[in-house]
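Here are some notes for a colleague who is meeting this structure for the first time.

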Amino acid sequence: MLILHHLEPLHWAVAGAGVAAITLALLFIANRRLGISTGLEDVCSFVMPAPYFARDAVRSARHWRMPFIGGLVLGGFVSAVLGGGFSPTWDLGMFDQVIGFGPAGKLAWMFAGGLFIGFGTRLAGGCTSGHGIFGLSNLEFPSLVSTASFMAAGILTTQIVYRVIF
Amino acid sequence: MALLYLLFGVIFGFILSRSGAADYNFIQGMFLFTNVQLYGIIGTAVALTAPGIWLIKRHGRTLFGRPIRIELKPQHRGNIAGGVLFGVGWSICGMCPGPIFVNVGEGKIYALAALAGALAGAGLFGAIYTRVQGLFRLPRLVVGTGDG
């Protein structure tokens, strides 16, 4: 069951096929390589003057990645509306049962995690989509290394948080 | 074209939202080995995308006849170090970058803090890039006006 309105999730094979279909459509129709964490740079590039955000790779891709990311937000919104209505929530599933921080604690927890995500994906050069889905599928060695690294670190962190600390 | 990318994003976001890929419990279940949903999704996606990319590259052209050009990601020490940092963050938030945006759209209030953190983290990396460039053997920046 999902946290969102306690909906039953799609079958994993259906969801995986859908992810593959969008990834391949982006490449075949528009010659675009799926990658979402680079979108964080796109946003930064509008407000930060650092040369890193003035790279050709950023400036030449903003025009497609920004609408794609806007679509992700909209897709989540549509999913909530169709699944029972849009109602902002603090519900965090097993975090509430096991760790149990209130709103302020959750915001601090999430901001801290977000820092790791933002810094880590930029240092690694990609995230689950660019390295994990596209990179692995395109048999790129750096993507295999990165994917193994973030899966191992995720497993270790969750095991420590849920089996050792809490 | 912007509308097409928006539409792709909506479909992709809807799938992430309804599959568990953007769900805190399913992400922890993957890392705790108590739920196979995410392994199934990622495994299926790669198993279908890999032959798809191979076919598209063999075809060599997009639907509209433009040459297919895939920019490869550079190999450096950051692949491991950044991957480890990202994995820690993925576990803490229960979201990777795509699902952060999806969770914001679903109305999960705390996802806004994850988004703020992710933008701050990316901003910090950009700001100190030239200082960590040697340490991680990162590529030289190619700065220009870009084509878009």
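1. Between chain B and chain A there are 30 residue pairs in polar contact, both residues being at pLDDT 80 or more; a polar contact is a pair of N or O atoms within 3.5 Å, where within protein one must be able to donate a hydrogen and the other to accept it, and residues adjacent in sequence count only if both atoms are side-chain atoms.

2. On the side of chain B that touches chain A, the elements giving two or more residues are helix H1 (2–19), H2, H3, helix H4 (78–93), helix H5 (97–106) and helix H6 (111–136) of chain B, helices being DSSP runs (H or I, at least four residues) numbered from the N terminus. H6(B) gives the most to that side, with 17 residues.

3. This is a predicted model, in which local features need pLDDT of at least 70, side-chain atom pairs count only at pLDDT 80 or more, and totals for chains, interfaces and linings use all residues. Residues are numbered from 1 along each chain as its sequence is written, chains are lettered from A and ligands numbered from 1 in the order in which they are written, and side-chain values use heavy atoms, with hydrogens and water left out.

4. Helix H2 (residues 24–31) and helix H3 (residues 37–59), both of chain B, pack with their axes 7 Å apart and at an angle of about 85°, which makes H2(B) roughly perpendicular to H3(B) (65 to 115 degrees). Phe26(B), Ile27(B) and Met30(B) in H2(B) meet Gln37(B), Leu38(B) and Tyr39(B) in H3(B), with heavy atoms within 4.5 Å.

Key. Axes are lines fitted to C-alpha atoms, for helices over the stretch in contact, and angles run from 0 to 180 degrees between N-to-C directions. Angles under 35 degrees count as roughly parallel, over 145 as roughly antiparallel, 65 to 115 as roughly perpendicular and the rest as oblique.
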